[in-house]
Amino acid sequence: MVYMQIIEYMNILVILMHPWLLSAAGGVLIGLSAVLLMGVLGRIAGISGIASGLVAGTGGRGWRIAFIVGLVAGPWLRLWWQGDSGIGAPRVSWPWLALAGLLVGFGTRLGGGCTSGHGVYGIARLSPRSLLATVVFVLTGMVTVLVVRHLPGVGA
Amino acid sequence: MKTWMALLVGVLSSLGLSLGGMTQPAVVLGFLDLAGA
């Protein structure tokens with residue numbers, strides 16, 4: 001019973017939070033996860049790197065699988081806790097998503113990391129390489145959005 | 001121990017991403033859209 005009351009209290013707290021506070025809370029959780037992974041496993045949490053290591057058989061199979069299972073479990077936990085997983089529906093069809101996923105995968109291997117590895121955990125470690133990679137992919141993303149959304153006759 | 005910690009880290013990461021709105025395409029596109037929607 002006490003357990004359910006705590007869940008209910010946390011739910012009300014999240015609902016009442018200002019969006020900026022919610023974002024800050026998300027940032028704290030991400031930072032905490034990076035510190036835990038580095039402190040306990042001596043690893044840097046880049047999602048694409050962890051997943052690709054699993055496919056390539058780079059070693060440490062168990063913890064990589066556990067991390068990805070945890071990653072998938074998070075939104076399910078939020079769905080159970082709040083009735084909303086927090087994951088927005090894709091805005092394009094599945095073939096476009098598959099093509100985008102392929103390009104993202106190629107880009108992350110080329111750049112030695114993804115938005116989480118460089119943009120979140122790399123910048124947190126004050127890595128110059130990650131800072132540069134993040135600036136490049138954010139600027140590229142901005143140009144892409146500008147072209148697709150605002151150039152006449154290009155996008156939706 | 002390490003496996004459980006990796007599981008916890010995965011859960012914390014995805015909860016952090018989702019609470020921060022980074023799993024919402026509209027939020028990410030809004031951030032990248034300097035010219036406004």
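This is a predicted model: local features need pLDDT of at least 70, side-chain atom pairs count only at pLDDT 80 or more; totals for chains, interfaces and linings use all residues.
Q: What makes up chain A, helices or strands?
A: Chain A has seven helices and zero strands. Read from the N terminus on, its elements run α-α-α-α-α-α-α. The C-alpha atoms of chain A fill a box of roughly 55 × 45 × 30 Å along the principal axes. Of the 156 residues in chain A, 29% are buried. Among the contacts in chain A with a separation of 6 or more, 37% join residues 24 or more positions apart.

Q: Why is A:S130 called buried?
A: The relative accessible area of A:S130 is 2%. Buried means under 20%, so A:S130 counts as buried. You can find A:S130 in helix α7 of chain A, which covers residues 128–150. Not counting residues up to four places away in sequence, A:S130 touches A:G117, A:H118, A:G122 and A:I123.

Q: Why is A:L126 called exposed?
A: A:L126 has a relative accessible area of 75%. The label needs a value over 50%, so A:L126 is exposed. A:L126 sits in the loop between α6 (115–124) and α7 of chain A.

Q: What is the phi of A:L126?
A: A:L126 has a positive phi of about 60°, although A:L126 is not a glycine.

Q: Which residues is A:W63 in contact with, leaving aside its neighbours within four places in sequence?
A: A:W63 is in contact with A:L37, A:L41, A:R43, A:I50 and B:A6.

Q: What does B:S13 touch, not counting residues up to four places away in sequence?
A: B:S13 touches A:I30, A:S33, A:F67, A:L71 and A:Y121. Within chain B, the side chain of B:S13 reaches the backbone oxygen of B:V9 at 2.8 Å.

Q: How many residues of chain B are in contact with chain A, and what area do the chains bury?
A: In chain B, 31 residues are in contact with 39 residues of chain A. Between them the chains bury about 3000 Å², 76% of it on carbon and sulfur atoms. In chain B, the residues that lose the most area to chain A are B:L12, B:L19 and B:L32, together 20% of what that side buries. There are also 10 residue pairs in polar contact between the two chains. On the side of chain B that touches chain A, α1 and α2 (25–32) of chain B each give two or more residues. The most, 17 residues, comes from α1(B). The residues of this side divide into 19 nonpolar, 10 polar and two charged.

Q: Why is the meeting of B:D33 and A:R149 called a salt bridge?
A: The side chains of B:D33 and A:R149 meet at 2.7 Å, N to O. A salt bridge needs an Arg or Lys side-chain nitrogen within 4 Å of a carboxyl oxygen of Asp or Glu, so this pair qualifies. A search of the whole structure finds one salt bridge over all chains. The pair crosses between chains, from B:D33 in the segment after α2 of chain B to A:R149 in helix α7 of chain A.

Q: Are B:D33 and A:R149 buried or partly exposed?
A: B:D33 has a relative accessible area of 7%, so B:D33 is buried.

Key. Residues are numbered from 1 along each chain as its sequence is written. Chains are lettered from A and ligands numbered from 1 in the order in which they are written. Side-chain values use heavy atoms; hydrogens and water are left out. Contact means heavy atoms within 4.5 Å. Helices (H or I, at least four residues) and strands (E, at least two) are DSSP runs, numbered from the N terminus. Buried means under 20% relative accessible area, exposed over 50%, partly exposed in between (1.4 Å probe, protein chains only). Buried area is the accessible area (1.4 Å probe) that two parts lose on being put together, summed over both. A polar contact is a pair of N or O atoms within 3.5 Å; within protein, one must be able to donate a hydrogen and the other to accept it, and residues adjacent in sequence count only if both atoms are side-chain atoms. Ala, Val, Leu, Ile, Met, Phe, Trp, Tyr, Cys and Pro count as nonpolar, Asp, Glu, Lys and Arg as charged, and the others, Gly among them, as polar.
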